[in-house]
Amino acid sequence: MSSAAGSRVVVTGATGNVGTSVVRLLGEDPRIASVRGLARRIPDWSPPKTEWSAVDLSSEQADLVKEFADADAVVHLAWAFQPTHDPATTWSTNVLGGIRVFEAVAATGVRTLVHASSVGAYSPGPKDRAVDESWPTHGWPDAAYCREKAYLERALDIFERDHPEVRVVRMRPAFLFKRESASEQRRIFGGRFLPGPLLRPELLPFLPDVPGLRVQALHTEDAARAYRTAVLSAARGAFNLAAEPTVDARMLAEMLGAKPVRLPRTAARSAIAAAWGLHLLPASPHLFDAVLRLPLMDCTRARTELGWEPEHSAAEALQEFLRGVRNGEGAATEPLHAGKVG
């Protein structure tokens with residue numbers, strides 16, 4: 001039995017894509033005594049052994065010391081993707097809020113901190129081979145998401161140096177998908193001008209094939225199982241999380257029944273930049289630049305040290321997500337609420 005067994009776990013960002021899966025799995029596990037979910041808005045959803053607190057990490061008034069009192073582990077998942085046109089706002093929530101979480105963990109004597117980093121924290125890397133967790137984590141500086149994830153990696157370096165008594169785990173997952181996250185992710189990346197029904201084969205005869213657009217994906221439930229294992233084990237350090245196969249335009253085109261058509265990077269970026277500049281597309285051209293440069297990750301360490309294996313392939317995760325987008329699916333939390341299909 002690990003030191004976390006029978007413990008109280010606090011989860012920030014508990015109502016989002018990853019948070020809902022992590023909270024449910026922790027609540028169902030007999031080794032966990034209780035779960036406290038922190039979110040900006042308390043949901044109607046009531047999973048087993050879970051209590052809720054309304055907390056805004058961007059606020060200096062957030063009393064995280066109170067929320068973490070008597071907790072044995074904190075899983076820090078909270079993250080704001082928008083507004084992409086106002087990076088000061090996301091910095092306040094993501095970076096300053098993250099540092100508040102780290103400081104409260106130290107102040108309350110929490111023994112385990114599991115932090116949601118990302119493939120986006122990595123410096124540009126290869127697309128023809130996979131890199132392990134030793135690859136530099138300096139991000140892509142123009143993209144706020146990558147910049148903020150990388151900054152928190154540096155903050156954790158200092159935290160671990162100053163607080164060796166805290167067991168710190170850094171999860172670096174690939175892009176995470178599940179059916180219930182479909183409406184949220186459509187709003188975050190595609191915006192209100194991308195109705196789900198447009199993602200039908202008969203309406204998408206062609207799909208842009210941009211050089212360098214090769215990424216990894218993972219089902220959210222598989223990521224959540226890795227988080228649960230990290231809480232309950234003695235693991236430390238960073239872990240890459242991704243499923244096979246690698247996702248590229250050819251795979252997506254096959255799923256959508258479309259024909260991949262080669263499109264130069266400059267043309268694709270110009271189109272995204274124009275739509276973003278007109279506030280028609282939430283995803284920024286800077287994030288597009290980053291995605292083209294993300295390395296492929298080697299997940300050997302998660303398999304050998306956590307005993308973790310994804311139960312879904314990357315293709316299965318994407319197929320489930322696409323069905324959710326077409327149907328406008330979501331869940332009973334504010335971030336995941338179902339959007340209009342049309």
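**View 1. Pro-245 and its cis peptide bond.** Pro-245 sits within strand S12, residues 243-247, where strands (E, at least two residues) and helices (H or I, at least four) are DSSP runs numbered from the N terminus. The bond that joins Glu-244 to Pro-245 is a cis peptide bond, with omega about -5°. Most peptide bonds are trans. The model is predicted, so that local features need pLDDT of at least 70 and side-chain atom pairs count only at pLDDT 80 or more, while totals for chains, interfaces and linings use all residues. Residues are numbered from 1 along each chain as its sequence is written, and side-chain values use heavy atoms, with hydrogens and water left out.

**View 2. The cis peptide bond from Gln-82 to Pro-83.** Omega is near 5° for the peptide bond from Gln-82 to Pro-83, which is cis. Pro-83 belongs to the loop that runs between strand S4 (73-76) and helix H3 (87-108).

View 3. Lys-49, a residue other than glycine, has a positive phi near 60°, and its place is in the loop between strand S2 (32-39) and strand S3 (50-54). With a relative accessibility of 35%, Lys-49 counts as partly exposed, a class that lies between buried (under 20% relative accessible area) and exposed (over 50%), as computed with a 1.4 Å probe on protein chains only. Asp-70, likewise not a glycine, has a positive phi of about 70°, and Asp-70 is found in the loop between helix H2 (64-68) and S4. Asp-70 counts as exposed because its relative accessibility is 69%. Most residues other than glycine have a negative phi.

**View 4. The largest cavity.** The structure holds two cavities of 30 Å³ or more, a cavity being a set of points, on a 1 Å grid over the protein atoms alone, where a 1.4 Å probe fits but cannot get out, with lining residues having an atom within 4 Å of a point. The largest cavity contains about 40 Å³ of space, the volume being the space filled by probe spheres set on grid points joined across faces, edges and corners. Its lining includes Tyr-122, Trp-140, Cys-146 and Arg-293, and the lining residues divide into seven nonpolar, three polar and one charged. Nonpolar here covers Ala, Val, Leu, Ile, Met, Phe, Trp, Tyr, Cys and Pro, charged covers Asp, Glu, Lys and Arg, and the others, Gly among them, are polar.

**View 5. The second largest cavity.** About 40 Å³ of space lies in the second largest cavity, whose lining residues include Lys-127, Phe-175, Arg-214 and Gln-216. By class, this lining has seven nonpolar, one polar and two charged residues.

Definitions and conventions. On a 1 Å grid over the protein atoms alone, a cavity is a set of points where a 1.4 Å probe fits but cannot get out, and a pocket is an open set with protein on both sides within 12 Å along at least five of seven lines; lining residues have an atom within 4 Å of a point.
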